[in-house]
Amino acid sequence: MERAGPTTTRRRFLKGAALAAVPYALLPDPRAGAQAPAVDYPAAEWQPAGTSNYTASNRPRTYPLDYVIIHVTQETYPNTLSIFQNPQKQVSAHYLVRSADGHVAQCVREADIAWHAGNWDYNTCSIGIEHEGWVDQPAYFTDALYEQSARLTAAICTRYGLPKDRAHIIGHYEVPGTDHTDPGPNWDWTRYLRLVNFA
């Protein structure tokens, strides 16, 4: 065991001074390995879709953004996330909103092309938002789901300069060539657009 004396104290001081002189750029970043959230919408949680379920892009430079497309999952929230992460499913959406509390997951970056509309041209120029629930079960369309989804849609419209109207916020059933009916007759478009415009 080393006994503390003038030499030991001086040696410790010199070691400390030498360490202090090392440029901070050479020291490991304490945040190394920690990544900033990959979300485009700050209130969302990142739950990435499988990379074989969307097309990497650089929108709006590569394709202009003209629409927000509203979907209903016909599945539960956790099952939808699993489907988006399954490379064999070939489907995804940019966002998923949970029914019970309006929690938002982002699954595909807005710059990338999610495969949600069933029409390539509409996929390239839109942001897809899935909502947990079934078109024939309106109980899934909770106040929290409407409110949080409307905030998300309003933020997207503001970011890309889209008018907050029915010409630019459309249902999946309005995409040319689709055989889908979502969000269905129980989706309250009047309420939703009012929430979007007041968000």
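These legends describe close-up views of a predicted model.

View 1. Strands of a sheet pair through backbone hydrogen bonds, either parallel or antiparallel. Both senses can be found here. Strand 4 and strand 5 are antiparallel, paired over three bridges. Look for Tyr95, whose bridge partner in strand 5 is Gln106.

**View 2. Strand 3 pairs with strand 7 and strand 8.** Strand 3 runs parallel to strand 7, and six bridges join the two. Strand 3 also runs parallel to strand 8, with three bridges between them. In strand 8, Val68 stands opposite Ile169.

**View 3. The side chains of strand 3 point two ways.** In a regular strand the side chains alternate between the two faces of the sheet. Which residues of strand 3 point one way, and which the other way? Tyr67, Ile69 and His71 point one way. Val68, Ile70 and Val72 point the other way. Are these residues buried or exposed? All are buried. Strand 3 is thus mostly covered, with six of its six residues buried.

View 4. Helix 4 covers residues 143–160, which makes 18 residues. At 1.5 Å a residue, helix 4 should span 26 Å. Its end C-alpha atoms are 26 Å apart, so the model agrees.

**View 5. Helix 4 has a set of buried residues.** An α-helix has 3.6 residues a turn, so residues three or four places apart point the same way. The buried residues of helix 4 include Leu145, Ser149, Leu152 and Ile156. Tyr146, Ala150, Thr153 and Cys157 are also among them. What do the buried residues of helix 4 pack against? Their partners include strand 4 (95–97), strand 5 (104–106) and helix 5 (189–198). Just after helix 4 comes Gly161, with a positive phi of about 65 degrees.

**View 6. Five aromatic residues form one cluster.** The members are Phe141, Tyr146, Trp187, Trp189 and Tyr192. The whole structure has ten aromatic pairs. In one of these, the rings of Phe141 and Tyr146 have centres 6.4 Å apart. Their planes meet at 65 degrees, so the pair is edge-to-face. Phe141 and Trp187 also make an edge-to-face pair, because their planes are at 80 degrees, with centres 5.2 Å apart. Phe141 lies in the loop between strand 7 and helix 4, and Trp187 in the loop between strand 8 and helix 5. The pair therefore ties together parts that are 46 residues apart in sequence. Phe141 is buried, at 7% relative accessible area. Tyr146 is buried at 3% relative accessibility, and Trp187 at 4%.

**View 7. Arginines sit over aromatic rings.** The charged end of Arg166 sits over the ring of Trp189, 3.7 Å from its centre. Trp189 also belongs to the aromatic cluster. Elsewhere, Arg98 lies over the face of Tyr77, 4.9 Å from the ring centre.

Definitions and conventions:
Residues numbered from 1 in each chain as written. Predicted model: local features only at pLDDT ≥ 70, side-chain atom pairs only at ≥ 80, totals over all residues. Heavy atoms only, no water. Helix = DSSP H or I, 4+ residues; strand = E, 2+ residues; numbered from the N terminus. Expected span 1.5 Å × (residues − 1). Buried < 20%, exposed > 50% of the residue type's maximum accessible area, 1.4 Å probe, protein only. Contact = heavy atoms within 4.5 Å. Phe/Tyr/Trp six-rings, centres within 6.5 Å; stacked < 30°, edge-to-face > 60°. Lys NZ or Arg CZ within 6 Å of the ring centre and 35° of its normal. Pairing = 2+ DSSP bridges.
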